[in-house]
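Open your viewer and get your selection tool ready. We will go stop by stop, with something to pick at each one.

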Amino acid sequence: GDLTTNLRRCLNTFDLTMIGVGHMIGAGIFVTTGEVMRNLAGPSTVISYLVSGLAALLSALCYAEFGSRYPKAGSAYTYAYVGCGELWAFIIGWNIVLEHVLSAAAVGRTFGGYLDELVGFAVRRWTVEHVRPWPWNTIDIPLASNHTSHEICVDGDASLSGERSLIAYYPDLIALIIIMLAAVFVGLGSRSAANFNSVFSAANLMVISCVVGYGITFADFGNWNNFFPCGVNGVLRGASKCFFAYVGFDGLATAGEEATNPTKQIPRATYYSMAIVTTCYALMAGTLSLMRPYNLLPDTAVYSRVFADLGAPTWVSTAIAIGAMLGIMTSMIGSLFSLPRAVYAMADDGVIFGWWAKVNSWTKTPLNATITFTILAAIIAMSFELDALVDFLSIGTILAYTIVAAALIMLRYRPHPDQFNPDVMDQGGRIREGLPILSDLFRKVKPGYTILYTVLVMIIAFTGIGVLISTSYFTQPFGIILMVFFVVLSIACVLFLEAHQQNSMDLDYKVFLVPYLPSLSLLVNILMMTQLTMMTWIRLFVWMGIGLAIYLIYGMSHSKEEVRWREEREKKAARKLRGEENHWRVSDISMGDVSNNEHNKDAWTEQNGHVSKNGGHLTEVRF
């Protein structure tokens with residue numbers, strides 16, 4: 001890929017790995033684990049993390065190949081731009097921006113919760129007394145963390161219990177302040193942010209090791225007697241929210257323009273960070289589920305409160321709270337590091353306002369984007385309840401990774417110039433030889449079209465499977481028939497993809513077992529998406545409506561592709577007009593007396609060099 005960039009290349013493999021670890025660790029352990037275990041999946045949250053980890057690993061494999069192909073900032077946006085086109089890329093990029101904004105807001109509120117617990121809810125009481133709660137929020141303000149017993153399943157289905165508020169009970173000023181402070185380190189430049197992030201990530205891993213080592217001494221395996229309180233749907237719904245915890249590897253891809261050797265460093269950092277984080281998630285979630293029954297978990301500062309309730313020394317819960325805040329800080333820096341770079345990539349392409357693409361001459365970072373979207377994240381963190389943020393965190397990310405997997409399949413089967421003869425395209429996208437029926441049937445079809453339609457049909461089949469599972473309709477007689485149909489159709493699509501030849505493009509890294517692994521990634525992602533609530537989809541449509549309005553009003557007329565196409569069209573029109581003008585001038589000269597037009601004729605002949613003279617008149621013009 002083109003390695004030219006306006007950003008400073010200063011990040012090595014260790015820096016990139018720590019960026020991914022810091023972003024994922026804080027978000028997953030200290031935000032998602034308690035929320036999912038308490039409200040959705042119970043002890044089976046451990047399985048939810050494994051399912052979402054599998055989906056993230058498959059997506060990471062796709063990301064690694066795309067990072068090798070196109071080492072540019074922008075992550076899934078850039079990849080979709082190349083593989084699917086500008087509109088799909090905008091949809092993905094706009095959702096990635098949403099995910100990073102909400103991620104920073106969610107971890108900001110979690111930081112405030114741990115700090116509040118650490119000082120005995122003094123911050124909450126002071127804020128309520130001096131700042132006042134929101135006037136439109138009529139729900140009573142809890143003065144302590146809620147960890148009373150509750151049930152999370154109704155008729156065997158996962159559901160959230162109790163009255164829940166979208167707007168926060170009171171403005172969380174701590175969340176606002178901490179997000180602003182984290183943005184200062186990000187705004188100073190990638191080197192400063194990476195150093196800060198690496199130190200905090202290392203300290204966070206040490207705290208996690210201590211938590212697991214000490215927490216396992218409180219283990220009660222009786223807490224696992226009801227390991228699946230909400231069944232398979234509870235596991236999948238938990239996985240759909242736990243997937244947000246793996247969004248950090250997306251942050252690695254956004255740093256492609258600041259890595260010293262992105263084609264090799266980004267794949268390696270992806271593998272290293274995924275291995276570290278998945279191990280931590282499995283250990284931390286398993287330890288928490290053994291320490292305390294899921295229906296007695298507090299709703300804020302989960303780990304420090306559980307240790308305190310179990311009689312651990314005060315210094316232990318204090319150290320855990322401090323460690324949690326370190327992890328949250330690294331996660332926040334990861335989000336705020338990735339957010340402006342995703343915005344920068346879109347603005348640089350002209351699909352959103354170009355002011356956000358300006359790179360500060362001193363910090364060499366997109367400072368305008370950093371300031372704007374940090375303020376947005378801080379306002380959201382101050383104003384909305386953590387539960388509402390977690391509900392909305394995963395859907396855009398999963399959608400983005402789904403399209404990346406689909407784009408990878410299409411790119412692998414797109415014709416590419418032959419490595420031995422660049423003037424000739426290879427056989428990428430064509431049916432393999434030795435399949436007489438298929439090769440005869442699709443011989444005249446343009447390469448790539450059958451791949452596109454097959455991927456679309458496969459996505460429809462996977463969606464059908466997901467809907468049948470999420471609604472439990474697959475247990476009905478007609479549901480069984482539909483399930484068999486969609487499964488057979490899915491397998492047929494994968495085998496049909498396998499019947500095509502892949503292109504011969506040479507890369508430093510390629511995903512193995514294509515099309516099987518990208519297809520499995522599509523399946524797992526779609527299964528998780530179909531588990532999300534209708535309200536989550538409605539919120540997504542509202543956000544997308546805002547984004548598409550910006551794209552239709554501004555992006556379509558200012559994007560680089562549109563500007564380039566318009567310039568080419570104008571050049572063609574100008575060439576055509578010059579041809580018509582030249583033809584008129586030749587006719588005018590040929591119809592007049594040569595003696596009266598000698599000067600014009602000589603000038604025109606000298607300029608174009610394609611005119612011959614016969615009997616004093618211009619008789620031949622060759623364009």
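At what angle do the axes of helix α11 and helix α12 cross? Select residues 302-309 for α11 and 314-348 for α12: their axes come within 8 Å and cross at roughly 175 degrees. That makes α11 roughly antiparallel to α12, a label for angles over 145 degrees. Axes here are lines fitted to C-alpha atoms, for helices over the stretch in contact, with angles from 0 to 180 degrees between N-to-C directions. Helices are DSSP runs (H or I, at least four residues), numbered from the N terminus.

A word on what is on screen: this is a predicted model, where local features need pLDDT of at least 70 and side-chain atom pairs count only at pLDDT 80 or more, while totals for chains, interfaces and linings use all residues. Residues are numbered from 1 along each chain as its sequence is written, and side-chain values use heavy atoms, with hydrogens and water left out.

Y303, S304, F307 and A308 in α11 contact (heavy atoms within 4.5 Å) V316, S317, I320 and A321 in α12. The residues of this contact divide into 6 nonpolar, 2 polar and no charged. Nonpolar covers Ala, Val, Leu, Ile, Met, Phe, Trp, Tyr, Cys and Pro; charged covers Asp, Glu, Lys and Arg; the others, Gly among them, are polar.

Zoom in on I29, which touches Y49, I208, C280, Y281, M284 and Y303, leaving aside residues up to four places away in sequence.

Now jump to the loop between α17 (477-498) and α18 (516-529), where you will find P515. A cis peptide bond joins V514 and P515, with omega about 15 degrees. In that loop, also pick L513, a non-glycine residue with a positive phi of about 55 degrees. L513 counts as exposed (over 50%), at 52% relative accessibility.

Last stop: select S472, in the loop between α16 (449-470) and α17. Its phi is near 60 degrees, positive in a residue other than glycine.

Definitions and conventions: Helices (H or I, at least four residues) and strands (E, at least two) are DSSP runs, numbered from the N terminus. Angles under 35 degrees count as roughly parallel, over 145 as roughly antiparallel, 65 to 115 as roughly perpendicular and the rest as oblique. Buried means under 20% relative accessible area, exposed over 50%, partly exposed in between (1.4 Å probe, protein chains only).
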